[in-house]
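These are my notebook entries on one structure. I list what I looked up, with the cut-offs used.

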Amino acid sequence: MEDKDKSLTEHLEELRAVIIRCLIAAGVVLPFAFWASSPALDWFIGRMLAGTGAQLNYFSPVEVFLVQIKATAVIDLAISFPFIAVNIWRFVLPALYEHEAKAARKIAAGSGFLFVLGIAFCITVVLPFIIRFGVSFSTDIIKPVFGISEVVGLGFWLSSAFGIMFQLPIVAIALVRSGIISKEAISSKRPYVIVVLLIAAAVITPPDIISQLMVFIPSYLLFAGKGPAKKKKEDEGEERG
(Lines give C-alpha, C1' and ligand atoms only; values in the text may rest on other atoms or scores of the structure.)
Protein backbone atom coordinates (compact mmCIF):
# COMPACT_ATOMS: atom_id res chain seq x y z
CA MET A 1 0.00 0.00 0.00
CA GLU A 2 1.31 3.41 -0.97
CA ASP A 3 1.01 6.63 0.98
CA LYS A 4 -2.21 8.45 0.16
CA ASP A 5 -1.05 11.76 1.61
CA LYS A 6 1.21 12.92 -1.17
CA SER A 7 1.85 16.60 -1.56
CA LEU A 8 0.91 18.58 -4.64
CA THR A 9 4.59 18.83 -5.54
CA GLU A 10 4.96 15.04 -5.46
CA HIS A 11 1.90 14.61 -7.69
CA LEU A 12 3.26 17.18 -10.13
CA GLU A 13 6.61 15.38 -10.19
CA GLU A 14 4.82 12.10 -10.95
CA LEU A 15 2.84 13.83 -13.73
CA ARG A 16 6.07 15.26 -15.14
CA ALA A 17 7.64 11.79 -15.18
CA VAL A 18 4.57 10.36 -16.93
CA ILE A 19 4.66 13.06 -19.61
CA ILE A 20 8.39 12.52 -20.19
CA ARG A 21 7.93 8.74 -20.55
CA CYS A 22 5.07 9.25 -23.00
CA LEU A 23 7.11 11.71 -25.09
CA ILE A 24 10.08 9.34 -25.13
CA ALA A 25 7.83 6.47 -26.28
CA ALA A 26 6.43 8.62 -29.08
CA GLY A 27 9.95 9.71 -30.05
CA VAL A 28 11.23 6.15 -30.23
CA VAL A 29 8.37 5.14 -32.54
CA LEU A 30 8.65 8.27 -34.71
CA PRO A 31 11.32 7.07 -37.22
CA PHE A 32 9.41 3.87 -37.92
CA ALA A 33 6.16 5.85 -38.22
CA PHE A 34 7.74 8.16 -40.82
CA TRP A 35 9.12 5.20 -42.77
CA ALA A 36 5.70 3.50 -42.75
CA SER A 37 3.71 6.65 -43.51
CA SER A 38 3.98 6.47 -47.32
CA PRO A 39 2.75 2.87 -47.81
CA ALA A 40 0.22 3.34 -45.02
CA LEU A 41 -1.09 6.47 -46.73
CA ASP A 42 -1.46 4.63 -50.06
CA TRP A 43 -3.40 1.84 -48.32
CA PHE A 44 -5.49 4.31 -46.35
CA ILE A 45 -6.53 6.25 -49.46
CA GLY A 46 -7.17 3.06 -51.43
CA ARG A 47 -9.39 1.76 -48.64
CA MET A 48 -11.38 5.00 -48.44
CA LEU A 49 -11.93 5.32 -52.20
CA ALA A 50 -12.51 1.63 -52.99
CA GLY A 51 -15.52 1.18 -55.26
CA THR A 52 -16.33 4.90 -55.44
CA GLY A 53 -14.55 5.83 -58.68
CA ALA A 54 -13.28 8.99 -56.97
CA GLN A 55 -9.70 10.20 -57.04
CA LEU A 56 -7.70 12.63 -54.96
CA ASN A 57 -5.88 15.69 -56.21
CA TYR A 58 -3.24 17.96 -54.72
CA PHE A 59 -2.89 21.65 -55.43
CA SER A 60 0.55 22.64 -54.14
CA PRO A 61 4.03 21.09 -54.43
CA VAL A 62 4.35 20.35 -50.70
CA GLU A 63 0.75 19.30 -50.02
CA VAL A 64 1.41 15.55 -50.22
CA PHE A 65 4.47 15.87 -47.99
CA LEU A 66 2.43 17.69 -45.34
CA VAL A 67 -0.20 14.95 -45.52
CA GLN A 68 2.56 12.40 -45.03
CA ILE A 69 3.67 14.25 -41.89
CA LYS A 70 0.11 14.02 -40.57
CA ALA A 71 0.11 10.31 -41.36
CA THR A 72 3.36 9.95 -39.42
CA ALA A 73 1.77 11.60 -36.38
CA VAL A 74 -1.30 9.32 -36.49
CA ILE A 75 0.79 6.15 -36.90
CA ASP A 76 3.09 7.25 -34.09
CA LEU A 77 0.12 7.83 -31.77
CA ALA A 78 -1.56 4.54 -32.69
CA ILE A 79 1.59 2.48 -32.02
CA SER A 80 2.70 4.24 -28.85
CA PHE A 81 -0.81 4.64 -27.38
CA PRO A 82 -0.84 1.34 -25.40
CA PHE A 83 2.33 2.39 -23.55
CA ILE A 84 0.96 5.91 -23.07
CA ALA A 85 -2.34 4.50 -21.77
CA VAL A 86 -0.54 2.32 -19.22
CA ASN A 87 1.32 5.31 -17.81
CA ILE A 88 -1.70 7.59 -17.77
CA TRP A 89 -3.97 5.09 -16.05
CA ARG A 90 -1.31 4.24 -13.48
CA PHE A 91 -1.16 7.92 -12.62
CA VAL A 92 -4.92 8.53 -12.65
CA LEU A 93 -6.15 5.42 -10.83
CA PRO A 94 -5.60 5.14 -7.06
CA ALA A 95 -3.66 1.85 -7.34
CA LEU A 96 -2.98 1.47 -3.65
CA TYR A 97 -3.54 -2.26 -3.28
CA GLU A 98 -2.45 -5.24 -5.32
CA HIS A 99 -5.92 -5.97 -6.73
CA GLU A 100 -6.24 -2.31 -7.75
CA ALA A 101 -2.86 -2.47 -9.50
CA LYS A 102 -4.06 -5.51 -11.46
CA ALA A 103 -7.25 -3.66 -12.34
CA ALA A 104 -5.18 -0.70 -13.58
CA ARG A 105 -3.14 -2.96 -15.86
CA LYS A 106 -6.29 -4.53 -17.29
CA ILE A 107 -7.87 -1.12 -17.83
CA ALA A 108 -4.73 0.17 -19.55
CA ALA A 109 -4.57 -2.87 -21.84
CA GLY A 110 -8.26 -2.49 -22.68
CA SER A 111 -7.75 1.21 -23.34
CA GLY A 112 -5.06 0.55 -25.94
CA PHE A 113 -7.12 -2.18 -27.59
CA LEU A 114 -10.23 0.01 -27.83
CA PHE A 115 -8.22 2.91 -29.26
CA VAL A 116 -6.92 0.72 -32.09
CA LEU A 117 -10.39 -0.83 -32.52
CA GLY A 118 -11.93 2.63 -32.89
CA ILE A 119 -9.41 3.56 -35.60
CA ALA A 120 -9.98 0.26 -37.43
CA PHE A 121 -13.77 0.71 -37.29
CA CYS A 122 -13.47 4.23 -38.68
CA ILE A 123 -11.17 3.19 -41.55
CA THR A 124 -13.10 0.08 -42.60
CA VAL A 125 -16.69 1.26 -42.09
CA VAL A 126 -17.16 4.97 -41.48
CA LEU A 127 -14.80 6.63 -43.98
CA PRO A 128 -15.84 4.53 -47.02
CA PHE A 129 -19.48 5.30 -46.15
CA ILE A 130 -18.78 9.06 -46.01
CA ILE A 131 -16.92 9.01 -49.34
CA ARG A 132 -19.69 7.02 -51.03
CA PHE A 133 -22.22 9.45 -49.58
CA GLY A 134 -20.31 12.38 -51.07
CA VAL A 135 -19.87 10.71 -54.46
CA SER A 136 -23.61 9.92 -54.62
CA PHE A 137 -24.33 13.61 -55.36
CA SER A 138 -22.34 13.58 -58.62
CA THR A 139 -24.17 14.03 -61.93
CA ASP A 140 -23.21 14.37 -65.58
CA ILE A 141 -22.63 18.06 -64.91
CA ILE A 142 -21.35 17.95 -61.32
CA LYS A 143 -18.23 15.85 -60.80
CA PRO A 144 -16.50 15.26 -57.47
CA VAL A 145 -12.98 16.67 -57.20
CA PHE A 146 -11.53 15.82 -53.80
CA GLY A 147 -8.40 17.46 -52.44
CA ILE A 148 -6.01 15.10 -50.70
CA SER A 149 -5.54 17.40 -47.71
CA GLU A 150 -9.27 17.69 -47.01
CA VAL A 151 -10.13 14.01 -47.46
CA VAL A 152 -7.11 12.54 -45.70
CA GLY A 153 -7.30 15.21 -43.00
CA LEU A 154 -10.93 14.26 -42.42
CA GLY A 155 -9.93 10.60 -42.27
CA PHE A 156 -7.17 11.21 -39.72
CA TRP A 157 -9.36 13.46 -37.61
CA LEU A 158 -12.27 11.01 -37.54
CA SER A 159 -9.94 8.07 -36.85
CA SER A 160 -8.51 9.86 -33.83
CA ALA A 161 -12.02 10.85 -32.72
CA PHE A 162 -13.19 7.23 -32.87
CA GLY A 163 -10.13 6.08 -30.97
CA ILE A 164 -10.89 8.59 -28.21
CA MET A 165 -14.64 7.96 -28.09
CA PHE A 166 -14.07 4.21 -27.90
CA GLN A 167 -12.41 4.87 -24.52
CA LEU A 168 -15.84 5.42 -22.94
CA PRO A 169 -16.27 1.85 -21.61
CA ILE A 170 -12.87 2.14 -19.92
CA VAL A 171 -13.81 5.51 -18.43
CA ALA A 172 -17.07 4.08 -17.09
CA ILE A 173 -15.30 1.08 -15.54
CA ALA A 174 -12.61 3.31 -14.01
CA LEU A 175 -15.20 5.66 -12.50
CA VAL A 176 -17.11 2.76 -10.97
CA ARG A 177 -13.99 1.01 -9.68
CA SER A 178 -12.64 4.15 -8.07
CA GLY A 179 -15.98 4.80 -6.35
CA ILE A 180 -16.46 8.20 -7.98
CA ILE A 181 -19.81 7.09 -9.37
CA SER A 182 -21.93 3.97 -9.06
CA LYS A 183 -23.22 1.86 -11.93
CA GLU A 184 -26.77 2.63 -10.76
CA ALA A 185 -26.08 6.36 -11.10
CA ILE A 186 -24.74 5.87 -14.63
CA SER A 187 -27.80 3.85 -15.62
CA SER A 188 -30.19 6.43 -14.15
CA LYS A 189 -28.55 9.32 -16.02
CA ARG A 190 -28.62 7.91 -19.54
CA PRO A 191 -30.46 10.98 -20.96
CA TYR A 192 -27.61 13.19 -19.71
CA VAL A 193 -25.09 10.73 -21.12
CA ILE A 194 -26.77 11.00 -24.53
CA VAL A 195 -26.58 14.80 -24.43
CA VAL A 196 -22.90 14.76 -23.39
CA LEU A 197 -22.02 12.25 -26.13
CA LEU A 198 -23.86 14.29 -28.76
CA ILE A 199 -21.98 17.42 -27.69
CA ALA A 200 -18.66 15.54 -27.70
CA ALA A 201 -19.38 14.11 -31.15
CA ALA A 202 -20.24 17.59 -32.43
CA VAL A 203 -17.04 19.06 -30.99
CA ILE A 204 -14.55 16.47 -32.28
CA THR A 205 -16.05 15.89 -35.75
CA PRO A 206 -16.52 18.13 -38.80
CA PRO A 207 -19.75 20.18 -38.89
CA ASP A 208 -21.93 17.61 -40.65
CA ILE A 209 -24.61 15.41 -39.15
CA ILE A 210 -23.37 12.22 -40.84
CA SER A 211 -19.96 12.29 -39.16
CA GLN A 212 -21.49 13.23 -35.83
CA LEU A 213 -23.99 10.37 -35.87
CA MET A 214 -21.34 7.91 -37.00
CA VAL A 215 -19.31 8.84 -33.92
CA PHE A 216 -22.22 9.09 -31.49
CA ILE A 217 -24.00 5.80 -32.21
CA PRO A 218 -21.13 3.33 -31.63
CA SER A 219 -19.87 5.43 -28.72
CA TYR A 220 -23.21 5.26 -26.95
CA LEU A 221 -23.59 1.54 -27.66
CA LEU A 222 -20.14 0.91 -26.21
CA PHE A 223 -20.81 3.06 -23.15
CA ALA A 224 -24.24 1.63 -22.45
CA GLY A 225 -23.46 -1.97 -23.27
CA LYS A 226 -19.89 -2.48 -22.09
CA GLY A 227 -19.26 -0.03 -19.28
CA PRO A 228 -21.63 -0.53 -16.34
CA ALA A 229 -22.75 -3.90 -17.69
CA LYS A 230 -19.26 -5.31 -17.52
CA LYS A 231 -18.80 -4.04 -13.98
CA LYS A 232 -22.10 -5.59 -12.96
CA LYS A 233 -21.02 -9.00 -14.28
CA GLU A 234 -17.73 -8.71 -12.42
CA ASP A 235 -19.55 -7.87 -9.18
CA GLU A 236 -21.88 -10.83 -9.62
CA GLY A 237 -18.86 -13.10 -10.21
CA GLU A 238 -17.20 -11.83 -7.03
CA GLU A 239 -20.39 -12.45 -5.04
CA ARG A 240 -20.60 -16.03 -6.31
CA GLY A 241 -16.92 -16.50 -5.49
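I take buried to mean under 20% relative accessible area, exposed over 50%, and partly exposed in between (1.4 Å probe, protein chains only). The model is predicted, so I note that local features need pLDDT of at least 70 and side-chain atom pairs count only at pLDDT 80 or more, while totals for chains, interfaces and linings use all residues. Residues are numbered from 1 along each chain as its sequence is written, and side-chain values use heavy atoms, with hydrogens and water left out.

**Entry 1: fold.** I read helices (H or I, at least four residues) and strands (E, at least two) as DSSP runs, numbered from the N terminus. The chain contains nine helices and two strands. Their order along the sequence is α-β-α-α-β-α-α-α-α-α-α. I then looked up contacts, meaning heavy atoms within 4.5 Å. Of those between residues at least 6 apart in sequence, 83% join residues at least 24 apart.

**Entry 2: burial and surface.** The chain has 241 residues, of which 39% are buried. Accessible areas come from the Shrake-Rupley method with a 1.4 Å probe; for residues, only the protein chains shown count as cover. The chain exposes about 14100 Å², and carbon and sulfur atoms supply 69% of that area.

**Entry 3: nonpolar patch.** Patches are made of residues with over 30% relative accessible area and no salt bridge; like charges are joined within 9 Å, nonpolar side chains (Val, Leu, Ile, Met, Phe, Trp, Tyr) within 5 Å. I found Phe34, Val62, Phe65, Leu66 and Ile69 forming a nonpolar surface patch of about 450 Å². Helix 2 (residues 63-92) gives the most to this patch, namely three residues. Valine 62 sits in the loop between strand 1 (56-57) and helix 2. Is valine 62 buried or partly exposed? Its relative accessible area is 48%, so valine 62 counts as partly exposed.

**Entry 4: salt bridge.** I searched for a side-chain nitrogen of Lys or Arg within 4 Å of a carboxyl oxygen of Asp or Glu, the criterion for a salt bridge. The structure holds one. It joins the side chains of arginine 16 and glutamate 13, at 4.0 Å from N to O. Both residues lie in helix 1 (residues 8-49), three residues apart, which is about one turn of the helix. Glutamate 13 is partly exposed because its relative accessibility is 44%.

**Entry 5: cysteines.** How many disulfides (cysteine sulfur atoms paired within 2.5 Å) does the whole structure hold? My search returned zero disulfides. Cysteine 22 is buried at 11% relative accessibility, and cysteine 122 is buried at 0%.

Technical notes: Disulfide = S-S within 2.5 Å.
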